[in-house]
Amino acid sequence: MQKQIAQLELTKYSWEQFASHAVPLIPILTRQIMTVIEQTEQAALDLILKIRSISERAQKQAAYAGSSARGMGPTQDTRSEAEKLSADVSRIVMAMQFQDMTKQKLEHVAQPLLQMKTYMESLVANPTDPELAKALNLLEEVERSYTMETERTAHRHAMEGRGHVGIPGASATEEEDQNVTLF
Amino acid sequence: MGQTVMVVDDSKTMRDMVTYTLTSAGFQVVQAGDGKEAVGKLSSGSKPALVVTDLNMPEMDGITLIKEIRKMPSLKFTPILMLTTESSDQKKAEGRAAGATGWIVKPFNPDQFLKIVKKVLPA
């Protein structure tokens, strides 16, 4: 009996030690995640401003080059250059949306970490509370928080114990067509 | 002066990218950071020709915002486009039932986005 009590106390001590390290670590990790979000957001906003400025200047130059060359409106060459520029800007704007998507994915990681912290604090304070065992449903909650197919796929692969596999992407045009639904 | 579009998204980068895309094509843009702010602006007289809204936002989400807009007599038939990372059919069906006109999954292509905007706007 005494041996069992000693083992239980050791187990309790080990879990308390784990919680005492994990609980303060979680806000640090989530703060690091939020800092990454803030920094990438600022960088994306700076990029938008610069792209807008470059795009406007390039269009003005193309129009000026055309009118200087012919004494009138833009030539075929300058129109073609403007179209290429516009297509490039479109691709850049599309690629820059990674910031919002990354932000959402990181938030979906940070949120359950904070829930785990709250749970561990309650567990340490009152380990015999039977309600605690019912309270934690992290897997389902995490799964419900997903909005992107890539998140759901990564979750499924991890649950199936698969290593990291790249998620196949459609070609740009296919992807864009699949992205729009008009009701 | 171009038509006015209301852009609702809690991400400033997304709001700015959508705004950049629309203003480059001659539209005026009114921004809101979530559904609640959008409802506030719409209730105080803003009458956009189109609303583009995200789905998941603090305070009030996109589906609730659509339901609120559809209650406003002057905006009952205003086109509303969802612009979101959410791609599940279930959520799309919820959006449709609430009164959305269309659903665009991020990331959006500016050229394609403008085509859709012009398609749903009343002539």
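Student: Where is B:Pro107 found in chain B?

Tutor: B:Pro107 is found in the loop between β5 and α5 of chain B. Helices (H or I, at least four residues) and strands (E, at least two) are DSSP runs, numbered from the N terminus. This is a predicted model, in which local features need pLDDT of at least 70, side-chain atom pairs count only at pLDDT 80 or more, and totals for chains, interfaces and linings use all residues. Residues are numbered from 1 along each chain as its sequence is written, and chains are lettered from A and ligands numbered from 1 in the order in which they are written.

Student: What makes the peptide bond from B:Lys106 to B:Pro107 cis?

Tutor: Its omega is near 0°. Most peptide bonds are trans, and most residues other than glycine have a negative phi. B:Glu59, in the loop between β3 and α3 of chain B, has a positive phi, near 70°.

Student: Why is B:Glu59 called partly exposed?

Tutor: A residue is buried if 20 or more other C-beta atoms, placed from the backbone, lie within 10 Å of its own, exposed if 12 or fewer, and partly exposed in between. B:Glu59 has 14 C-beta neighbours inside 10 Å, so it counts as partly exposed.

Student: Why is B:Phe77 called exposed?

Tutor: B:Phe77 has 10 other C-beta atoms within 10 Å, so it is exposed. B:Phe77 sits in the loop between α3 and β4 of chain B.

Student: How do you know which strands of the two chains pair?

Tutor: Two strands pair if DSSP finds at least two bridges between them. Between β1(A) and β5(B) (residues 102–105) there are three bridges, in the antiparallel sense. Within chain B, β1 (residues 4–8) and β3 run parallel, joined by four bridges.

Student: What is the strand order in the open sheet, and why do some strands stand at the edges?

Tutor: The six strands follow the order β1(A)-β5(B)-β4(B)-β3(B)-β1(B)-β2(B), with mixed pairing. β1 of chain A and β2 (28–32) of chain B each have a single partner strand, so one side of each is left without a neighbour in the sheet.

Student: What makes one side of α5(B) the buried side?

Tutor: In this helix (residues 110–120), B:Pro110, B:Phe113, B:Ile116 and B:Val117 are buried. They cover an arc of only 120° around the axis, taken from the directions from the helix axis to the C-beta atoms, which puts them on the same side of α5(B). The face turned away from that side carries the exposed residues B:Lys115, B:Lys118 and B:Lys119.

Student: What covers the buried residues of α5(B)?

Tutor: The cover includes α2 and β1 of chain A, together with α1 (12–24), β3 (50–53), β4 (80–84) and β5 of chain B.

Student: Which residues have the most contacts inside the largest nonpolar core?

Tutor: They are B:Val52, B:Leu81 and B:Ile104, in a core of 39 residues. A nonpolar core is a set of buried Ala, Val, Leu, Ile, Met, Phe, Trp, Tyr and Cys residues joined through C-beta atoms within 7 Å.

Student: How many residues does each chain give to the contact?

Tutor: Chain A gives 24 residues and chain B gives 28 residues. Two residues are in contact if their C-beta atoms, placed from the backbone, lie within 7 Å.
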